[in-house]
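Colleague: I have a model open and want to learn how to read it. Can we go through it feature by feature?

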Amino acid sequence: MEYLDFSSVITTIRKYISDAHSMNQIDMMYQLFVSFLNSEESQDFDFDNGLVCRWFNGQAKISPRITGYYMDNHKRNQLAADMHRNV
């Protein structure tokens, strides 16, 4: 049985990104969470390579600052639009 968590979703997305658009994990996070990163809430936020790797592997949960930001319906729609446009 598969779980619907960040790791399983991002693994599925990465399967369908063509080789011409391949990007490393950090670059993908910047593209995926661009709305959050452009907001005031992320002023002192930066991605740690080791932590991002654990997010991708399912060993750690996404930062509560990121998930808290996208709890608002409007911001959730921004995430969907960013994912569609950038990833």
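**Reading the helices and the core**

Modeller: This is a predicted model. Start with the buried residues of α1, which are Ser-7, Ser-8, Ile-10 and Ile-13.

Colleague: What covers the buried residues of α1?

Modeller: The cover includes α2, α4 and α6 (73-86).

Colleague: How many helices and how many strands does the protein chain have?

Modeller: There are six helices and zero strands. Read from the N terminus, the order is α-α-α-α-α-α.

Colleague: How do I describe two packed helices?

Modeller: Take α2 (residues 25-32) and α4 (residues 49-57). They pack at an angle of about 80°, and their axes lie 10 Å apart. Angles of 65 to 115 degrees count as roughly perpendicular, so α2 and α4 are roughly perpendicular to each other.

Colleague: Which residues of α2 and α4 meet?

Modeller: From α2 come Gln-25, Ile-26, Met-28 and Met-29. They meet Asn-49, Val-52, Cys-53, Trp-55 and Phe-56 of α4. By type, this contact has seven nonpolar residues, two polar and no charged.

Colleague: And the core? What should I look for?

Modeller: In soluble globular proteins, nonpolar side chains tend to be buried together. Here the largest nonpolar core has 20 residues. Met-29, Phe-33, Phe-36, Phe-47, Trp-55 and Ile-66 have the most contacts inside this core.

Colleague: Which elements give two or more residues to this core?

Modeller: They are α1 (6-15), α2, α3 (34-37), α4 and α5 (64-69). α2 gives the most, with four residues.

Colleague: How much of the protein chain is buried?

Modeller: Buried residues make up 31% of the 87 residues. Now look at sequence separation. Among contacts with a separation of 6 or more, 54% join residues 24 or more positions apart.

Colleague: Last, the overall dimensions. What radius of gyration does the protein chain have?

Modeller: The protein chain has 13 Å. A compact globule of 87 residues would have a radius of gyration near 12 Å, so the value agrees.

Key: Residues numbered from 1 in each chain as written. Predicted model: local features only at pLDDT ≥ 70, side-chain atom pairs only at ≥ 80, totals over all residues. Heavy atoms only, no water. Axes fitted to C-alpha atoms, helices over the stretch in contact; angles between N-to-C directions. Parallel < 35°, antiparallel > 145°, perpendicular 65-115°, else oblique. Contact = heavy atoms within 4.5 Å. Nonpolar A, V, L, I, M, F, W, Y, C, P; charged D, E, K, R; others polar. Core = buried A, V, L, I, M, F, W, Y, C linked by side-chain atoms within 4.5 Å. Buried < 20%, exposed > 50% of the residue type's maximum accessible area, 1.4 Å probe, protein only. Rg over C-alpha atoms; globule rule 2.2 N^0.38 Å.
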